[in-house]
Amino acid sequence: MALTALRQKHLLGIADLSPDEIVLVLDTADAMKEVGQRTIKKVPTLRGRTVINLFFEPSTRTRTSFEIAEKRLSADTLNVAIASSSVVKGETLVDTAMNLEAMSPSMIVLRHASAGACHLLSRICKASIVNAGDGMHEHPTQALLDAFTIRERKGRLAGLKVAIVGDLLHSRVLRSNVLLLTKLGAEVWVCAPATLIPPGLPQMGVRVTTRVDEAVAGADVIMMLRIQLERMQGGFFPSLREYFTTFGMTEARVARAKPDVIIMHPGPINRGVEIASEVADGAHSVILDQVANGVAVRMAVLYLLAGGADNETVA
Amino acid sequence: MKRLLKGGRVVDPANGRDGIFDVLIDGDRIAEVGASLSADGAEVMPVAGLVICPGFIDMHVHLREPGQEHKETVATGTAAAVAGGFTAVACMPNTRPVNDNAGVTQLILQKAADANLARVYPIGAVSRGQKGEELADIAELKAAGCVAVTDDGLPVATAILARRALEYTSMFDMPMIEHCEDPSLKGDGVAHEGPVAASLGLRGIPGAAEAITAGRDILLAEMTGGHVHIAHMSAWTTIEAVRQGKSRGVKVTCEVCPHHFTLTDDMLAAPIAYDTNTKMNPPLRAARDRDAMIAGIADGTVDAIATDHAPHHYDEKNVEFDRAPFGIVGLETAVSITLDRLVHTGVITLSRMVELMSVNPSRILHVPGGSLAAGAVADITILAPDLQVTIDKTRLVSKSKNTPYHGWSFTGGVAATIVGGRTVYSNPAVKLT
């Protein structure tokens, strides 16, 4: 019998999801995407549920995407944005969480600069915790929307060659994507300067290379990761110019991939740093599809965490 | 007043003794050790089935006083020490203010005298304010009662300062204790650099950050003839550097903490992901590192087991992993862990355990103890080697409860602790009848 609900109450990371749970989210997102194409883009599924978007880091795309997803599901939603600096002076994360918990929200969507912040909240709150990015750890809904976008374009994930190029060391998107793609049988290659490769990747079942041409050769999917400009101060590479010439995704490099390769990027993009504008804006790019699909995938996650089909229908 | 410890197994490697003997205490001194001593008016303490050792000395403890009394005080820390079987502790200078002058040293010693439990040997700062710029007044610290110097919590900042400290302390029979860590390699790391930290998204601290500083100091000790003591080793490369230094005759000694010979960085992920009680500096490392600590303890490279007892308040640890302070308490778990994981498993003998926890710390710090010879101070640790112990953090004597061993069970524990002939702790779970 097909799975109809997630086995866990929280979405802390892809690490906790089984392959059939991932497929369930993607299948559910198909239905949610249809909702977003209606004139009246709203279903009553989460009516009466309170969802708090608790963001300790600036975010435009992810927060907006969650908020739209919540509103389309008829949840009562509110945004709490807290600058990390004020937390240092004042209330701890635990106290903030206990105060929010006292108001009985159904779910808390958390974005935080510290890895493990969602785990900490999940031990305090009765509400379901949805990880919207915790430090360098995971960004599970990003990996799910990436997988949804790949599946939409390619019809499958298993057996595809996916090349992930960029700052692997500091990327939560990388971790979540590696976990998800390997669970679903994709052949994952990762590529970065040696200074930006974390340990342990081969044990996670991915191929590691510092040569972009090798990574993208014959690829079905090229996924670029953002180079955070502040990394320059860390001395991870000599200059943005050298980074672009050595690792930047240019049309010439894309030409080494399969003719129907898709180019992905979690955003925000740095044009001319990790990706040439011609590639970002070109025919292979699905970067804006990713953004569009983010809403459907987040609707699916929220719906399933709220109880899925056991609770209410999407009618 | 005389007391006779009757019928216990006396393990006293400094005097080549391991067998069933009686120990006669007269006042604050050992009067005699021998077979079937006559009670002759002495109060008799029957200790058959127990192990009598020269008092254990924990040479690496943070008592937090002055300045951070919400974490620990000299009184609560020494109460935890005796409950953990330690008759003496050496306390680190990273208090507020830093113990870089006689005034702070005297305050600590006065608090220790008031508490009147374990002996306390203050360790002074290498540099004024632990700022790594100029030497602290080390002769003054020595005169006030400090037994060693260190900038623990931080490494001695530069090679030239370490050189000067090694040269200068050599005048006073004091070791320079080094917290080995290259600050640029450590960066803002919070966990061992490896697959576990990478999968958890935690910034790494490579083992080389420790070994580089150890290597630097061993070379400087060799050059100057000074004595460097490498604190809380965690990386296999560090122990290798020490082993090589010792083989060349360098005056280098070293210690390992129980958590580094029992735990690995897997603890960061499970059973409780991001448990801040698994965050300490140096961090829990890989199995290879943990196994190298055990091998070094077994082959004699390691001189001492010390706890790096680092109490932190509940509030300070109940935060995001990367915001939590480094450190765990250790005074009340070290003996049980060592008996269970090293002695009962056959890695070391009881005699070697006594060397690691009593004889060698006494020699490294040039403090009394480490021996049950007639005339020695009557500082005695009595072990119950078969006692079943389950660690319950709520029952720790220490003011802080930050232990990763909550709920763990061990075979072996402390029966009683005697300081200067006076029983300062007796375990209610052990009948001394």
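Here are some questions and answers on a helix, a histidine, a sheet and some salt bridges.

Modeller: Before we start, this is a predicted model: local features need pLDDT of at least 70, side-chain atom pairs count only at pLDDT 80 or more, and totals for chains, interfaces and linings use all residues. Residues are numbered from 1 along each chain as its sequence is written, chains are lettered from A and ligands numbered from 1 in the order in which they are written, and side-chain values use heavy atoms, with hydrogens and water left out.

Colleague: What span does helix α7 of chain B reach from its first C-alpha to its last?

Modeller: Helices here are DSSP runs of H or I with at least four residues, strands are runs of E with at least two, and both are numbered from the N terminus. α7(B) covers residues 207-224, which is 18 residues. The expected span is 1.5 Å times one less than the number of residues. That expectation is 26 Å, and the helix comes close to it, reaching 26 Å.

Colleague: Which residue just after α7(B) takes a positive phi?

Modeller: The helix itself ends at residue 224. Just past that end, the phi is about 80°, and the residue is B:Gly225.

Colleague: Is A:His137 buried or exposed?

Modeller: A:His137 sits in the loop between β4 (128-134) and α6 (140-154) of chain A. Buried means under 20% relative accessible area, exposed over 50%, and partly exposed in between (1.4 Å probe, protein chains only). A:His137 has 5% relative accessibility, so it counts as buried.

Colleague: Which chain B residue makes a side-chain polar contact with A:His137?

Modeller: A polar contact is a pair of N or O atoms within 3.5 Å; within protein, one must be able to donate a hydrogen and the other to accept it, and residues adjacent in sequence count only if both atoms are side-chain atoms. Within chain A, the A:His137 side chain has such a contact with that of A:Asp134 at 2.8 Å. Across to chain B, the contact is 3.2 Å, and the partner is B:Tyr274.

Colleague: Which residue forms a salt bridge with B:Glu222?

Modeller: A salt bridge is a side-chain nitrogen of Lys or Arg within 4 Å of a carboxyl oxygen of Asp or Glu. For B:Glu222, the closest N and O atoms of the pair are 2.8 Å apart. B:Glu222 lies in α7 of chain B and its partner in the loop between α8 (236-247) and β15 (252-256) of chain B, so the pair ties together parts 26 residues apart in sequence. The partner is B:Arg248.

Colleague: How far apart are the closest N and O atoms of B:Arg216 and B:Asp217?

Modeller: Both residues are buried, and they belong to α7(B). They form a salt bridge, and the closest N and O atoms are separated by 2.9 Å.
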